[in-house]
Structures are given as C-alpha cells and as structure tokens.
Amino acid sequence: MAEKIGFIGLGIMGKPMVRNLLKAGYSVTVYNRSVAPIKELEAEGALAASSPRQVAERTEIIITMLPDSPDVEKVLTGQDCVLEGVRRGSLIIDMSTISPVVSRKLAEVVVESGSAMLDAPVSGGDKGAIAGTLSIMVGGEKEDFERALPVLEAMGSTITYCGPAGAGQTVKACNQVVVALTIEAVSEALVLGSKAGVAPEIILKVLGGGLAQNRVMDLRGPNMIRHRFEPGFKVKLHHKDLGIVLDTAREYGVNLPITGRVAQMFSTLLENGKGELDHSALLQVIEDLSQHSLVQTVPEKV
Ligand code: NAD
C-alpha cells in the first residue's frame with residue numbers, strides 16, 4: 001500500500017503540490033500556520049491536522065514546504081513539532097529553499113531520532129507546482145531517494161539525485177544565482193533599448209530568437225514590460241535565497257561579485273515596501289537608476 005503523506009506549509013507552492021499528490025491517489029494529511037488553506041484542501045480530499053506533531057504521528061512520509069530556515073527548524077524541532085510525533089523509520093522531505101548548512105544540521109538531528117531526511121528543493125515556480133512539472137534536486141542517502149521517488153514524481157518531472165545531505169540545497173543556491181542575474185540582465189537590456197527609443201516588445205521578440213533567449217524573459221518578459229508584478233516568486237523570498245547563496249559562498253571562500261550587487265538591488269526593493277511583488281520587479285530598480293519607465297512606452301493592449 002502507498003505510504004501515507006503529511007504536508008506542512010500550504011502557500012503558493014505547497015497547495016498545488018498537495019493537489020497533485022491527491023490526484024496521484026495518495027492519502028495526504030495537511031497542516032499550515034493559517035487555517036484557510038487547510039479547509040480548502042480538506043474540501044478536496046485531504047485530511048486536516050492541528051499541529052506538525054499530529055501530522056508526523058499520522059503519516060510515514062512528511063513533506064515541508066515553508067518559507068525559510070527558521071521556519072523549518074521550528075516545525076521540525078520546536079513546540080508540538082514533527083520530531084515529537086515522528087515514528088521510527090519515517091522519512092522527512094524538506095522541499096523548502098533553506099541554507100545547506102541548516103539542512104545538514106537538521107538531517108543529523110533527524111537521523112539521531114531514528115528517522116531519515118532528504119533535502120529536496122524545487123525550481124519551476126508556481127506554474128511548475130500547478131502542472132506537476134517541478135525540477136526537484138535531492139540531497140541525502142540514495143536509498144531514501146529511491147523510497148521518495150514515486151512521491152516526488154507526483155509533483156515534478158525532472159528529479160535529480162545530487163549527493164549527500166545538503167547537496168539539493170547547494171544546487172538550488174546555484175539555480176538562484178542564475179535566475180537573479182538573468183532577471184537583472186533582461187532588465188538592463190529592456191531599459192537600455194527602451195530609453196534609446198525601441199519598443200520593449202520588439203526587444204523581447206528579437207532577443208527571444210537568438211543566443212540571448214532565456215526562460216526568464218519568455219515567462220516573465222511580457223508582464224515585466226507592463227509592470228505586472230503579481231507573484232509568482234516573491235521579492236522577499238529571492239532576497240532570502242541570495243542571503244543563503246552569499247553565506248554559502250563565504251563558508252567555502254567563493255567570490256560572487258555580481259550576485260552581491262544584485263542581492264543589494266533586492267534589498268532596495270524590500271526597503272521600498274515591494275517584498276510581496278514578483279521577483280521580476282527587479283526591473284524597477286534599473287528603471288529608477290536610469291530615470292526611465294517601460295510603461296510609458298508599452299500600450300496596455302498589444
Ligand atoms: P508562501 O509564503 O506562499 O507559503 C509558505 C506557507 O508556509 C504559508 O502558507 C505559511 O502560512 C506557511 N507557514 C509559515 N510558517 C509556518 C509554520 N511555522 N507552520 C506551518 N506553516 C507555516 O511561500 P511559497 O512561495 O509557497 O514558497 C515556499 C518555499 O518554496 C520557500 O522556501 C521558497 O523559497 C520555495 N520556492 C518557491 C517558489 C515560488 O515560485 N513561489 C519556487 C521555488 C521554490
């Protein structure tokens with residue numbers, strides 16, 4: 001019989017991931033800090049729990065999809081936590097993006113308790129979560145990866161074993177460098193071309209047909225040039241991720257000069273109260289620096 005799944009953290013990503021597990025036929029017990037998404041998923045066939053501890057008591061594979069390292073630490077080791085309820089032999093899969101250092105530390109604590117842990121952060125955004133096509137990068141013991149694979153396959157289409165505990169989070173940090181710097185590069189190109197008198201749609205079209213083509217531009221470009229910044233992936237989360245990247249770089253003595261600069265641009269957005277916008281709002285920092293807004297040059301209806 002398929003293993004019973006617990007799922008904690010029902011936000012932009014967690015909720016559609018649970019829907020895909022339900023669709024694949026799994027029994028899923030859910031918990032979230034706010035109650036509304038629990039009720040919503042209960043109406044769709046999930047079982048409700050009243051604490052992380054209760055989730056762990058009732059299930060065999062416990063998935064977390066929470067904002068940041070302190071949230072995962074709290075849910076796994078705080079009051080009424082997963083480790084208070086977890087059964088021996090259960091498997092905890094943290095799919096949040098958190099620090100590789102914290103992830104390795106938590107894996108040690110979990111293993112000491114007689115259970116197993118994988119770090120399995122994702123890329124592919126809310127669209128990938130809804131479609132069940134996430135890219136999932138996994139760190140931990142290979143046998144635990146094999147056990148988790150059918151469950152992960154219900155949520156993702158590219159699932160890669162990356163190495164021991166923390167390796168999934170390390171690869172995710174690499175991913176976040178490339179995505180942040182790509183948004184920044186696309187923003188620079190759009191502001192340069194637009195202020196020099198070329199329509200932004202033309203810039204998107206031409207760049208999309210050559211070596212400059214990239215998925216950030218394909219997926220976010222049309223919304224960027226109209227200043228439509230509903231998340232998606234929030235500025236505050238990408239800011240958090242670049243903090244993880246820079247801490248990891250410091251730990252290993254790696255120099256990331258442009259990532260440092262882009263991290264400061266995300267700080268500027270946060271300072272200006274734009275933390276809840278989509279990360280492609282980074283465009284606005286470049287616009288402000290250049291005293292030029294793309295929306296003056298893009299008709300609302302194209
Ligand atoms: P979100 O803020 O939409 O959702 C987080 C959920 O966790 C919320 O429902 C919140 O109520 C819940 N939560 C927070 N603390 C809790 C606690 N102590 N106990 C129980 N529930 C708690 O965030 P999201 O966009 O779903 O992102 C989740 C994780 O996935 C983050 O680490 C993020 O970096 C990563 N991620 C997000 C995306 C994306 O496009 N949104 C893409 C890839 C990875």
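How far apart should the ends of helix α6 be, and what span do its end C-alpha atoms show? Hi everyone, let's start there, keeping in mind that this is a predicted model.

Helix α6 runs over residues 100-112, which makes 13 residues.

Next, which residues of α6 are buried? They are Pro 100, Val 102, Ser 103, Leu 106, Ala 107 and Val 110. If you look down the axis of α6, these buried residues fall within an arc of 150°, so they line one face of the helix. Here is the general idea to take away: an α-helix has 3.6 residues a turn, so residues three or four places apart point the same way.

The face pointing away from the buried side carries Glu 108 and Glu 112, which are exposed.

And what covers the buried residues of α6? The cover includes the helices α4 (69-77), α5 (82-85), α9 (167-195) and α12 (235-252), along with the strands β5 (91-94) and β6 (116-119).

Let's look at the two ends of the helix. At the start of α6, Ser 99 brings a side-chain oxygen to within 3.0 Å of the backbone nitrogen of Val 101. Just after α6 comes Gly 114, with a positive phi of about 95°.

Let's step back to the whole chain. The domain assignment gives domain 1 as 5-165 and domain 2 as 170-296. Taken over C-alpha atoms, the centres of the two domains are 29 Å apart. Domain 1 puts 16 residues into the contact, and domain 2 puts in 15 residues.

How much area is buried between domain 1 and domain 2? About 1200 Å², with carbon and sulfur atoms giving 60% of that area. On the domain 1 side, Ile 12, Thr 97 and Pro 100 supply 34% of the area buried against domain 2, more than any other three residues.

One last stop, Ile 130, in helix α7 (residues 125-131). Is Ile 130 buried or exposed? Its relative accessibility is 55%, and the cut-off for exposed is over 50%, so Ile 130 counts as exposed. Leaving aside neighbours within four places in sequence, Ile 130 is in contact with Pro 16 and Asn 20. Arg 87 is 43 residues away from Ile 130 along the chain, and their C-alpha atoms are separated by 30 Å.

Notes:
Residues are numbered from 1 along each chain as its sequence is written. This is a predicted model: local features need pLDDT of at least 70, side-chain atom pairs count only at pLDDT 80 or more; totals for chains, interfaces and linings use all residues. Side-chain values use heavy atoms; hydrogens and water are left out. Helices (H or I, at least four residues) and strands (E, at least two) are DSSP runs, numbered from the N terminus. The expected span of a helix is 1.5 Å times one less than its number of residues. Buried means under 20% relative accessible area, exposed over 50%, partly exposed in between (1.4 Å probe, protein chains only). The arc is that of the directions from the helix axis to the C-beta atoms. Contact means heavy atoms within 4.5 Å. A polar contact is a pair of N or O atoms within 3.5 Å; within protein, one must be able to donate a hydrogen and the other to accept it, and residues adjacent in sequence count only if both atoms are side-chain atoms. Domain bounds come from an automatic or database domain assignment. Buried area is the accessible area (1.4 Å probe) that two parts lose on being put together, summed over both.
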